[in-house]
Amino acid sequence: MANQITDRVYVSLIIPAYNEEARIGKSLERIMTFFASEPYASEVIIVDDGSTDRTVELIRERYGNHRSVRIYQQPRNLGKGEAVKQGMLLGSGEYLFFSDADLSVPIETLRLFLTHLESHCDVTIGSRQKSGATIEVHQPFHREIMGKTYTKLSNWLLNLPITDFTCGFKGFRRRAARELFSLQHLKNWSFDVEILYLAQLKGYEVQEIPVTWRNDRGSKVRVGRDAISSLLGLLQIRLYDYQRKYR
């Protein structure tokens, strides 16, 4: 259990990063302060997705000598889904989480998610739609509408009873993470849906947990292009399943 102190990594936190020079320093300070107060061994893995700014240099300057902070650089910008996948497969913790670099969901949320993973479920996902969720700063109206439409399409096309696919805070037991991310094909924003589709396919128990969430204006989402690629991603998931690539 998490209250047993051990040198073995208990929790891995993966942070996908692309041109996060302006935000990553403050976020890592909050993350490291949080883990310093926890009784278990942890690691933070930042997966740089081909940044062209000083994201990597900044992390190395501040945390290059910190043994619990690891940096993995992708050769070029491959997409958030690929960054999360690589981080999840590199993580050595018994429980693995990923969070957006802006910490739209407070890092302290990890405590509650970890409790659920330790007690019964295999996958925990943040939801902004479940009763009990708190939205401190909303997304622009058009993005909220697009998000809800995307959720409805995912529910319909893939028969997934999920209220919020794209909230950027999720946790996994090690066995589930290894299997699901090893089977992941999509590199773009559709990877969340693919992972949850795989979880249903493989019989893992998924629990949605209401979260506190604050929109950050520095979002990397490009509305037009990403909306189209995300819709195509849903069709690709169906095709991959038909082709038995998930078996």
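**Close-up views of a predicted model**

View 1. Asp-241 is placed in helix H8. The model shown here and in the other views is predicted. The relative accessible area of Asp-241 is 11%, under the 20% limit for a buried residue, so Asp-241 counts as buried. Its side chain is joined to that of Tyr-197 by a polar contact of 2.4 Å.

View 2. Helix H8 spans residues 223–242 and includes Leu-235. Together with Ile-228 and Leu-232, Leu-235 forms a nonpolar patch on the surface. The accessible area of these three residues together is about 300 Å². Leu-235 has a relative accessibility of 46%; because this value falls between the 20% and 50% limits, Leu-235 is classed as partly exposed.

**View 3. Glu-38 in the loop between helix H1 and strand S2.** The loop that holds Glu-38 runs between helix H1 (24–36) and strand S2 (41–48). With a relative accessible area of 14%, Glu-38 is buried. A polar contact of 3.4 Å links the side chain of Glu-38 to the side chain of Ser-37.

View 4. One cavity of 30 Å³ or more is present in the structure. The largest cavity holds about 30 Å³ of space. Its lining consists of Ser-99, Asp-100, Leu-103, Ser-104 and Val-105, along with Gly-168, Phe-169 and Trp-213.

Methods:
Residues numbered from 1 in each chain as written. Predicted model: local features only at pLDDT ≥ 70, side-chain atom pairs only at ≥ 80, totals over all residues. Heavy atoms only, no water. Patch = residues over 30% accessible without salt bridge, like charges linked within 9 Å, V, L, I, M, F, W, Y side chains within 5 Å. Areas by Shrake-Rupley, 256 points an atom, 1.4 Å probe, with all protein chains shown as cover. Salt bridge = Lys/Arg side-chain N within 4 Å of Asp/Glu carboxyl O. Helix = DSSP H or I, 4+ residues; strand = E, 2+ residues; numbered from the N terminus. Buried < 20%, exposed > 50% of the residue type's maximum accessible area, 1.4 Å probe, protein only. Polar contact = N/O pair within 3.5 Å; in protein donor to acceptor, adjacent residues only side chain to side chain. 1 Å grid on protein atoms, 1.4 Å probe; cavity = no way out; pocket = protein on both sides within 12 Å on 5 of 7 lines; lining within 4 Å. Points joined across faces, edges and corners; volume = space filled by probe spheres on them.
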